[in-house]
Amino acid sequence: MAWTGNVLRVNLTQGTTSVEPLNMQWAQEYLGQRGLATKYLSEEIDPKVDALSPDNKLIMTTGPLTGTMASTGGRYSVVTKSPLTGAIACSNSGGFIGAEMKMAGWDMVIFEGKSPKPVYLYLENEKAELRSAEHLWGTSVWATDETIHKELQDPQVRIACVGRAAEQGNLYAAIVNDLHRAAGRSGVGTVMASKNLKAVAIRGTRGVGNIKDPMRFFKVTEEAKQVLQQSAVTGQGLGTYGTQVLMNVINEMGAMPTRNMREVQFEGAHKISGEAMHEPRESDGKPNLTTNGACFGCTIACGRISTVDKGHFTVQNKPEYWHASGGLEYEAAWALGSDTGVDDLDCLTYVNFLCNEDGIDPISFGATVAAAMELYEMGAITDAETGGLQLKFGSAEALTKATELTVKGEGFGRDLGLGSKRLCEKYGHPDLSMTVKGQEFPAYDPRGIQGMGLAYATSNRGACHLRGYTVSSEVLGIPEKTDPLSTEGKPELVKAFQDATASVDSAGICVFTTFAWTLDDIAPQIDAACDGNWTTEKLLEVGERIWNLERDFNLRAGLTGADDTLPKRLLKDAANVGPAQGMVNELDVMLPKYYQVRGWTPSGELTPETRQRLGL
């Protein structure tokens, strides 16, 4: 049936573990991973709970296709209440640990309470042990990974852990697995560290063999892999350039947020693009990109593995950073580069290494540095606050130093660890924070891509591109082309993307497959693997149910329709160049219609009819 049917509950306060059966009725209603864990969380905690209190819970969760032969079936998610936003947090990661968890026999691990001392969970099939992590506290992700592997003497153990930033209370700390894959957004790592949980180490040897119809599953997954291979995006573009294939495309259409989103094109974009990563350096004749990489079961292989020039100022006399490691994805390259005005590719790669090494979200970090640079430029932040660090746009040296301080939680890095919302409030200019619900924007300016503005404003976890990636339609023409500068039809488009994505995120596969697949390709795979009758229509209903459950959680947490908005800059200050020149985002036109097509009240609350229809 693809689900293992097993949930591990870890009471960190008492230092105990217990096993319970998965709620199969909920599995039929919410599928798995994002949806199912959100159901568990919403039933088990008060949404008004302090996110960093022991009363919050942290759920690591897989989907029914995780660990199977379905392409990209290596995903897992972390679901909790976010300390950054106060809203629901669901952060998705690839790599190998999700499949390892499933092969150990678990659909979900629920962490509750707080350990009196630092611990890590060692999970080997049915054996679950909490072990001391006091010797690991205060060390980085990379050091923790190395130490645990040495202790366990098993190179195939998969590890997810937090770094020093999470321990120091950085509000956008990530949980990093497999050294450079991450449940990266919304501060899920901060919650993990607040529970004195340093790491989770998993070894699974059981495999995933409980498929409903193995022969049909083999057939439909093979057919789906052919669809991916034949797509220009998933069969060619992502493998060659990774998500960085978008850097020059988005810049040329005037939707590249630049220097804290004051501008919409970056003159240095070509220097930090996917194409630039392939070009040999003048210094050593080697390209930034060493190779591409794939997560478990992935036939796309969009991952970047990069190397920094050994002579570059960032790594001189630092041989520990001379090895190949996780390279720049588009969102990180934008946040660390375009948004701060830095066009030094080796600098951005080194900074990205640091984000991986100590587990911080490069999107939130880069956007927070950009806000700090604008505050510094206008004199609201001075050298007295920064300790002499001159936070000037375009300064690779300033970005490097800011990163080194932030990952360790030292000096002005503690202010940067607050995120841009709290930073800008602290220094008297809240309007300079480019956030929704307290979470920083990704790499698409909503003045040049109107649908993304609506998607950002209504995202249940704060500003996010992966909750409803209308760029696929508005820019790439997938599954059909819509005008990025028009608001016409965007409420319906955003809802459709949000609902479909919620189902994909709950299945255990990667959302990048949807550059080639529709739910018509995904439904047969789930139906062959899982008990029940899984059709495209059912997946859309499940996705809509998940979206509304997340919305309900946020409403109960105290958020309202007033939080479905964008920064004034994007609503009042027109794009300065490009196709969208003279335009702002017309959220006021789209939002009322969006509420209507959602079946919500004019103030953004679920109607009784919607609750009844979806069984909420």
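A charge sits over a ring if NZ of Lys or CZ of Arg is within 6 Å of the ring centre and within 35 degrees of the ring normal. In this predicted model, the charged end of Lys-538 meets that definition at Trp-534, 3.8 Å from the ring centre. Lys-198 lies over the face of Trp-137, at 5.8 Å from the centre of that ring.

The structure holds 13 aromatic pairs. In one of them, the ring centres of Trp-3 and Trp-534 are 6.4 Å apart and the planes stand at 55°, so the pair is tilted. This pair links distant parts of the chain, 531 residues apart. Trp-3 belongs to the segment before strand S1 (6-11). Trp-534 lies in the loop between helix H21 (519-529) and helix H22 (536-557). Both Trp-3 and Trp-534 are buried. Elsewhere, ring pairs join Tyr-330, Tyr-444, Tyr-469, Phe-512 and Phe-515 into a cluster.

Helix H20 spans residues 490-507 and has 18 residues. From first C-alpha to last, H20 reaches 26 Å, close to the 26 Å expected at 1.5 Å a residue. Of its 18 residues, 16 are buried, so H20 is largely enclosed by the rest of the structure. Gly-508 follows H20 and has a positive phi, near 100°.

Arg-598 lies in helix H24 (residues 587-598). Arg-598 has a relative accessible area of 0%, so this residue is buried. Its side chain makes a polar contact with the side chain of Gln-498, at 2.9 Å. Beyond its neighbours up to four places away in sequence, Arg-598 touches Lys-495, Gln-498, Asp-499, Glu-544, Trp-547, Asn-548 and Thr-610.

Terms used:
Residues are numbered from 1 along each chain as its sequence is written. This is a predicted model: local features need pLDDT of at least 70, side-chain atom pairs count only at pLDDT 80 or more; totals for chains, interfaces and linings use all residues. Side-chain values use heavy atoms; hydrogens and water are left out. Helices (H or I, at least four residues) and strands (E, at least two) are DSSP runs, numbered from the N terminus. Buried means under 20% relative accessible area, exposed over 50%, partly exposed in between (1.4 Å probe, protein chains only). A polar contact is a pair of N or O atoms within 3.5 Å; within protein, one must be able to donate a hydrogen and the other to accept it, and residues adjacent in sequence count only if both atoms are side-chain atoms. Contact means heavy atoms within 4.5 Å. The expected span of a helix is 1.5 Å times one less than its number of residues. Rings of Phe, Tyr and Trp (its six-membered ring) pair if their centres lie within 6.5 Å; planes under 30 degrees apart count as stacked, over 60 as edge-to-face and the rest as tilted.
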